[in-house]
Amino acid sequence: MARFYAVNEANPAILSGKAIAIIGYGNQGRSQAINLRRAGHRVIVGNVEDQSFRQAKGDGFEALAIDAAAAHADVILLLLPDEIAPELYRRDVAPHLRTGKTLVFASGYNITYKFIMPPRESDVVLVAPRMIGQGVLDLPARGEGFPVLVGVSQDFSGRALATALAIARGIGAFLPHGAVVESSFEEETLVDLFSEHTWAGAMLFLLDRAFKLLVEAGVSQEVALLELYASGELGEIGRAMATLGMWNQLKLHSHTSQFGQLTYGGEFIGADADALMQKAIDEIRDGTFAKRWAAEQAAGSPLFHRLLNERLSSPVAAAEQELFTRLGRR
Ligand code: NDP
């Protein structure tokens with residue numbers, strides 16, 4: 001069973017007198033920086049000199065070039081997109097990783113696949129919110145926490161876990177409704193990629209296909225979109241799953257709906273589904289996906305851009321444009 005850490009296991013004092021650098025003032029970076037400062041920690045920001053850099057200054061932070069922030073800090077939160085991080089790490093962060101510094105990741109990817117290999121004299125920890133950046137900012141502002149996965153990959157100082165727990169506390173994860181859960185870089189990478197490679201992607205393609213079939217069956221595009229997801233009901237169902245339970249939330253639907261979902265839903269899960277999910281697990285674990293994605297990026301991401309452009313110019317996207325304009329959403 002996963003261990004849930006208690007708030008009294010997280011001692012903020014371990015960070016006292018230490019400078020915490022937020023490298024990358026983006027979705028996660030801005031939220032975590034603001035929360036850590038509110039918790040009383042000394043936070044500096046490292047970013048390229050652009051709009052985000054100016055925003056950090058506007059928010060009252062000392063903003064520096066990435067290498068200067070890494071040089072000044074004792075604890076370095078690398079909050080860059082995973083595909084960008086290795087190059088910036090090698091150029092601007094690695095030269096400043098002397099003994100006693102802690103490198104904190106919000107995703108297991110680059111350590112799991114060794115795209116980043118920190119020197120053994122540094123501590124390397126995972127503090128991975130299961131929450132989008134806006135939630136990391138908004139929830140603690142109203143006194144609520146969010147789940148965070150914590151792990152340690154290098155513990156040179158003997159205090160790596162304590163540092164990770166103090167960071168988790170500083171960003172607000174221990175507040176009510178939050179949770180700080182023991183995990184690892186490898187486990188976080190597996191579950192994160194698994195969702196993306198299975199149900200999350202499958203759901204989008206299934207909705208896309210459902211739209212096509214409904215329209216072919218004579219349903220108006222507007223009614224099809226509102227039914228499938230544009231009403232926002234899907235988001236409400238997701239919220240109910242997280243609070244009432246995945247199957248228990250069915251009680252919020254009519255009996256007709258429940259009977260229909262329970263009898264037809266399972267028919268979509270044939271032997272293929274298990275085989276495809278197992279294949280996803282295998283290709284995450286053996287690095288097949290990571291190698292394919294790295295090769296794709298090295299080639300300038302032609303397949304990625306082609307696939308994205310195909311979806312963005314699909315009939316469902318065109319129909320959305322019209323509906324959203326009509327609803328005043330765009
Ligand atoms: P963002 O996409 O918001 O980018 C973060 C920062 O990276 C931005 O400040 C951006 O600067 C900077 N950046 C991007 N490209 C470059 C570049 N080429 N050179 C220099 N700086 C660059 O990242 P996220 O906050 O979404 O993700 C950060 C980490 O958090 C990742 O490890 C991610 O996996 C993890 N994470 C993200 C979650 C999320 O919901 N977004 C949830 C949980 C974990 P600028 O804006 O100036 O371009």
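So, the lining of the largest cavity: by class, its residues divide into one nonpolar, four polar and four charged. Keep in mind, everyone, that this is a predicted model. Who are the residues in that lining? They are Lys18, Asp74, Val75, Gly100, Thr102, Asp123, Ser157, Arg159 and Thr163. The volume of this largest cavity comes to about 50 Å³, and searching the whole structure turns up one cavity of 30 Å³ or more.

Which of them gives the largest share? That would be H10, with five residues. Sorted by class, the lining of this pocket has eight nonpolar, five polar and four charged residues.

Last topic, friends: a helix pair. Helix H8, residues 185-216, packs against helix H12, residues 271-285, at an angle of about 135°, and their axes are 9 Å apart. The crossing in which H8 passes H12 is right-handed. On the H8 side, the contact uses Thr189, Leu190, Leu193, Phe194, His197 and Thr198, and these meet Met277, Ala280, Ile281, Ile284 and Arg285 of H12. In this contact of H8 with H12, seven residues are nonpolar, three are polar and one is charged.

Notes: Residues are numbered from 1 along each chain as its sequence is written. This is a predicted model: local features need pLDDT of at least 70, side-chain atom pairs count only at pLDDT 80 or more; totals for chains, interfaces and linings use all residues. Side-chain values use heavy atoms; hydrogens and water are left out. On a 1 Å grid over the protein atoms alone, a cavity is a set of points where a 1.4 Å probe fits but cannot get out, and a pocket is an open set with protein on both sides within 12 Å along at least five of seven lines; lining residues have an atom within 4 Å of a point. Grid points are joined across faces, edges and corners, and a volume is the space filled by probe spheres set on the points. Ala, Val, Leu, Ile, Met, Phe, Trp, Tyr, Cys and Pro count as nonpolar, Asp, Glu, Lys and Arg as charged, and the others, Gly among them, as polar. Axes are lines fitted to C-alpha atoms, for helices over the stretch in contact, and angles run from 0 to 180 degrees between N-to-C directions. Helices (H or I, at least four residues) and strands (E, at least two) are DSSP runs, numbered from the N terminus. A crossing is left-handed if the near helix is turned anticlockwise from the far one by less than a right angle, and right-handed if clockwise. Contact means heavy atoms within 4.5 Å.
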